[in-house]
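Here are my notes on the model you asked me to look over. Please read them with the structure open.

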Amino acid sequence: MVGWKPIVAARFRNRGPDIQAFDMVMEHGGFSEDEAETVRAGFSLSTLKRFTDSPDVQAMLGLSVKNGQLVTSLPGAEIVKPLKQIVLDIANKKVTSRTLNKKSDLVKHVAGLAEEHKPDLSKTVAERPVSGIDKGEFTKPAKSRTRRQPSPSERKQLVPKNCPVNVTDNRIDDIYRELRTLPLDGARNAIAVLLRVFLELSIDYFLELNGGKLSEPKKGGGERFKELDKKLAETVAMLVSQGVPHSHFAAVTRSLSVPTSPMRIDLLHLYVHNRYATPSPAELTAAWDHAQPLFEKIWP
């Protein structure tokens with residue numbers, strides 16, 4: 001059994017207002033990759049819960065809780081501004097559960113947000129749950145008719161266009177080609193599942209090709225299939241023994257010890273088995289980027 005991390009476990013138990021706020025911000029907050037990595041690297045859900053549980057803070061942010069649902073009468077673009085800043089402040093340890101001992105501490109922090117991070121409470125719309133807000137509400141209107149030219153670095157698919165991965169197994173190559181063509185903004189759930197499958201089948205292929213075993217003895221006799229994290233560790237060890245510097249796999253091996261890694265094994269499991277685990281395009285592209293050096297060595 002793989003132990004669940006606090007945020008994942010909270011999603012499964014009841015997906016309370018804190019999780020609803022966190023998921024909305026992570027999906028629509030427009031985080032840079034550095035900001036998203038900071039949040040993934042160290043976030044206290046209990047600290048965020050203090051904000052979302054406070055009626056005074058709810059009123060300041062244009063939120064309320066009804067029947068367990070976090071609801072608002074403000075446009076999505078207004079509520080995401082303060083919540084994004086609060087999430088960043090928590091991730092950067094500017095506020096902790098120790099510094100927010102009193103209700104007044106919470107109110108003071110929200111009141112002290114910069115004006116650009118405060119919601120315009122006059123912009124009211126029909127009340128609805130934050131989890132049901134249309135994503136178009138989070139898009140800022142264009143200031144001019146000049147259309148922004150997309151950056152060459154922006155990816156519409158999971159795999160970068162010039163990725164030097166050459167899959168030689170027919171079945172695994174079919175999966176890889178789908179990962180190269182499916183759109184991130186319209187097929188993220190399919191991509192998440194396929195990424196999990198591509199990772200394990202690639203590792204299995206490498207281990208079998210290099211004399212490794214996919215099963216191990218179990219207590220009481222017989223054998224059982226090895227867990228994915230164990231097979232990943234063995235694959236990395238084999239590649240290092242073949243002369244590949246261990247630093248090549250620093251990002252992907254973080255999944256074995258860092259609970260906030262976008263390529264962590266239990267998160268990939270949850271994408272397949274848990275209806276509350278929703279992958280975002282940013283998390284998926286980060287996961288691929290962490291694992292690509294491994295795929296390049298398995299499929300040179």
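This is a predicted model: local features need pLDDT of at least 70, side-chain atom pairs count only at pLDDT 80 or more; totals for chains, interfaces and linings use all residues.

The points below go from the overall fold to helix packing and then to single residues.

1. The protein has 13 helices and five strands. Of its 300 residues, 44% are buried. Consider the contacts with a separation of 6 or more: 71% of them join residues 24 or more positions apart.

2. **Helices α8 and α9.** Two packed helices are described by the angle between their axes and the distance between the axes. Helix α8 covers residues 170–181 and helix α9 covers residues 188–209. Their axes cross at roughly 145° and come within 10 Å. The crossing of α8 past α9 is left-handed. On the α8 side, the contact uses Arg171, Ile172, Ile175, Tyr176, Glu178 and Leu179. On the α9 side, it uses Ile191, Leu194, Leu195, Val197, Phe198, Leu201, Ser202 and Tyr205. What classes do the residues of the contact divide into? There are 11 nonpolar, one polar and two charged residues.

3. **Spacing along a helix.** An α-helix has 3.6 residues a turn, so residues three or four places apart point the same way. Keep that in mind when you look at the contact lists. Ile172, Ile175 and Leu179 of α8 are among the residues in contact with α9. Leu194, Phe198, Leu201 and Tyr205 are among those that α9 contributes.

4. **Helix α9 and what follows.** α9 has 22 residues. From first C-alpha to last, α9 reaches 31 Å. That is close to the 32 Å expected at 1.5 Å a residue. Just after α9 comes Gly211, with a positive phi of about 80°.

5. **Helices α10 and α13.** Helix α10 is residues 228–241 and helix α13 is residues 281–298. Their axes are 11 Å apart, and the packing angle is about 60°. α10 and α13 are therefore oblique to each other. α10 passes α13 in a left-handed crossing. From α10, the contact takes Leu232, Thr235, Val236 and Leu239. From α13, it takes Leu294, Lys297 and Ile298. By class, this contact of α10 with α13 has five nonpolar residues, one polar and one charged.

6. **Positive phi outside glycine.** Two residues deserve a look here. Asn67 has phi near 55°, a positive value in a residue other than glycine. Asn67 sits in the loop between β1 (63–66) and β2 (69–72). Is Asn67 buried or exposed? Its relative accessible area is 83%, so Asn67 is exposed. Lys93 is not a glycine either, yet its phi is positive at about 65°. Lys93 belongs to the loop between α6 (76–91) and α7. Lys93 counts as exposed because its relative accessibility is 53%.

7. **His109 in helix α7.** Helix α7 spans residues 103–111 and holds His109. Why does His109 count as buried? The cut-off for buried is under 20% relative accessible area. His109 has 19% relative accessibility, so it counts as buried. Which residues does His109 touch, leaving out those up to four places away in sequence? They are Phe51, Asp89 and Val95.

8. **Thr99, in the α6–α7 loop.** Thr99 is placed in the loop between α6 and α7. Thr99 counts as partly exposed, at 43% relative accessibility. Thr99 and Thr47 are 52 residues apart in sequence. In space, their C-alpha atoms are 9.7 Å apart.

9. **Lys49 in helix α4.** Lys49 is part of helix α4 (residues 45–53). With a relative accessible area of 37%, Lys49 is partly exposed. Lys49 and Ile19 are 30 residues apart along the chain. Their C-alpha atoms are separated by 8.3 Å.

10. Ser280 is found in the loop between α12 (265–273) and α13. Ser280 is buried, at 11% relative accessible area. How many residues apart along the chain are Ser280 and Asp23? The answer is 257, while their C-alpha atoms are separated by 9.6 Å.

Conventions. Residues are numbered from 1 along each chain as its sequence is written. Side-chain values use heavy atoms; hydrogens and water are left out. Axes are lines fitted to C-alpha atoms, for helices over the stretch in contact, and angles run from 0 to 180 degrees between N-to-C directions. Helices (H or I, at least four residues) and strands (E, at least two) are DSSP runs, numbered from the N terminus. Angles under 35 degrees count as roughly parallel, over 145 as roughly antiparallel, 65 to 115 as roughly perpendicular and the rest as oblique. A crossing is left-handed if the near helix is turned anticlockwise from the far one by less than a right angle, and right-handed if clockwise. Contact means heavy atoms within 4.5 Å. Ala, Val, Leu, Ile, Met, Phe, Trp, Tyr, Cys and Pro count as nonpolar, Asp, Glu, Lys and Arg as charged, and the others, Gly among them, as polar. The expected span of a helix is 1.5 Å times one less than its number of residues. Buried means under 20% relative accessible area, exposed over 50%, partly exposed in between (1.4 Å probe, protein chains only).
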